[in-house]
Amino acid sequence: MSVAAARRAALAAQGFTDPRPAGTPTRRHLRRVLSRVRLLQLDSVNVVVRAHYAPVFARLGGYDPALVDDAAWAHSARRPRLLVEYWAHEASLVPVEDWPLLQSGAKRPGWWRGYARIADRSPTLVDDVLAVVKESGPIGAGAIERALTGPANRAPGAWWNRSEVKKICEWLFGLGQLTTGTRRGFERLYDLPERVLPPEVLARRVDADQAARELTMRAATALGVATEPDLRDYYRLGPEVSRGAVAELVEEGVLEPVRVRGWRQQAYRHVAARVPRAVPGRALLCPFDPLIWERSRTERLFDFHYRIEIYVPEPKRVHGYYVFPFLLDGELVARVDLKADRARGVLRVPGAFAEPGTDHGRVAAELAAELRAMAEWLELTGVEVGERGDLAAPLAALCHTG
């Protein structure tokens with residue numbers, strides 16, 4: 001298999017061959033996106049827009065973010081919750097039906113596992129946190145802290161270190177004994193899983209081996225063609241667990257071993273993966289988009305070296321603080337440093353850079369159109385282009401003339 005074919009398969013698997021809706025995107029369109037990507041990563045960075053909203057825009061175009069909010073944090077008998085928060089790739093929104101898979105033991109405990117020592121040292125703190133959530137949830141960590149450290153609770157043994165309360169909340173979240181009932185802004189409000197998830201989901205028990213196979217199969221569906229480490233990374237499974245699951249799926253005929261020319265490692269194609277002849281269209285990809293979040297895979301598929309530079313000192317940054325790669329007709333052809341300047345009502349582009357060998361004129365025209373669409377989606381009045389990068393001048397001219 002050629003790299004070009006693997007790339008087209010990956011783009012199709014991620015939903016980039018699905019046409020954007022002609023009218024206003026609906027819950028049905030969101031479901032289609034979720035059936036492709038399987039999860040939306042959460043991140044606190046809000047330079048342009050929260051990470052969980054951006055991949056949906058990349059695939060649907062301008063949509064109401066309330067679609068995601070309602071799917072994740074509001075539900076009723078008529079409109080059940082579609083998504084729940086849990087540790088998947090990282091902290092993520094995942095389909096509610098995937099909760100038992102992630103609770104099965106197939107995944108290794110995350111960074112929060114170190115907080116178990118606090119629970120061992122102060123077991124009554126765990127009980128107290130759960131009691132507060134049961135009585136008052138959905139509730140934020142700060143409110144739980146106040147409930148446990150206020151004047152009424154200053155009896156010996158009940159004055160907990162406030163940072164420990166937050167850590168116990170995260171530990172219980174990691175164990176699945178707490179989940180997110182809703183959010184206030186970006187603050188997580190904890191609640192009990194039985195008040196958030198359907199009883200049939202909570203009742204389902206899946207052994208770790210079966211869950212590993214199902215999670216690996218979901219990863220393969222979302223990736224199209226991937227190496228075993230690529231598949232492993234999607235849900236952050238352990239190496240031995242992942243290798244065993246891949247071997248079983250190959251034996252079952254779900255995964256087909258393939259060689260991708262130029263890749264050193266064995267690759268696997270999901271048997272249902274399509275390889276379209278072309279992938280027309282354009283999209284701006286946030287750093288946490290599942291198409292590109294595994295940087296070595298991005299380089300193998302697109303010959304595109306990409307690193308997020310948030311933590312790089314400003315003088316050492318190559319492309320900028322929060323850079324979006326630009327996808328055009330199946331290739332990553334440019335990258336733009338973006339910032340939503342809400343005070344001034346503009347989408348700022350401090351830097352714009354074309355990839356080698358691209359048609360600067362066409363790339364600038366398509367990128368200008370997509371930036372204007374993003375600005376409109378973010379309810380900003382226009383696009384303001386800076387001076388950094390070889391695309392800055394033509395892009396500025398196009399954005400200025402509109």
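Guide: We shall discuss aromatic rings, then charges over rings, and then a helix crossing. Please note that this is a predicted model.

Visitor: How is a pair of aromatic rings described?

Guide: One gives the distance of the centres and the angle of the planes. In this structure the count comes to 10 aromatic pairs. One of them joins Phe-57 and Trp-377, with 4.5 Å centre to centre and 10° between the planes. Planes under 30 degrees apart count as stacked, and the pair of Phe-57 and Trp-377 is stacked.

Visitor: Which parts does the pair of Phe-57 and Trp-377 tie together?

Guide: Phe-57 belongs to helix 3 (residues 54–60) and Trp-377 to helix 15 (residues 360–377), so the pair ties together parts that are 320 residues apart in sequence. Phe-57 and Trp-377 are both buried. Ring pairs also link Phe-57, Tyr-63 and Trp-377 into a cluster.

Visitor: Which charged end sits over the ring of Phe-57?

Guide: That of Arg-20, 5.9 Å from the ring centre. Elsewhere, Arg-335 lies over the face of Phe-304, at 3.9 Å from the ring centre.

Visitor: At roughly what angle do the axes of helix 12 and helix 13 cross?

Guide: The axes of helix 12 (residues 228–235) and helix 13 (residues 239–252) cross at roughly 115° and come within 10 Å. Their crossing is right-handed.

Visitor: Which residues meet there?

Guide: From helix 12, Glu-228, Leu-231 and Arg-232 meet Pro-239, Ser-242, Arg-243 and Val-246 of helix 13. By class, this contact has three nonpolar, one polar and three charged residues.

Technical notes
Residues numbered from 1 in each chain as written. Predicted model: local features only at pLDDT ≥ 70, side-chain atom pairs only at ≥ 80, totals over all residues. Heavy atoms only, no water. Axes fitted to C-alpha atoms, helices over the stretch in contact; angles between N-to-C directions. Helix = DSSP H or I, 4+ residues; strand = E, 2+ residues; numbered from the N terminus. Left-handed = near helix turned anticlockwise from the far one by under 90°. Contact = heavy atoms within 4.5 Å. Nonpolar A, V, L, I, M, F, W, Y, C, P; charged D, E, K, R; others polar. Phe/Tyr/Trp six-rings, centres within 6.5 Å; stacked < 30°, edge-to-face > 60°. Buried < 20%, exposed > 50% of the residue type's maximum accessible area, 1.4 Å probe, protein only. Lys NZ or Arg CZ within 6 Å of the ring centre and 35° of its normal.
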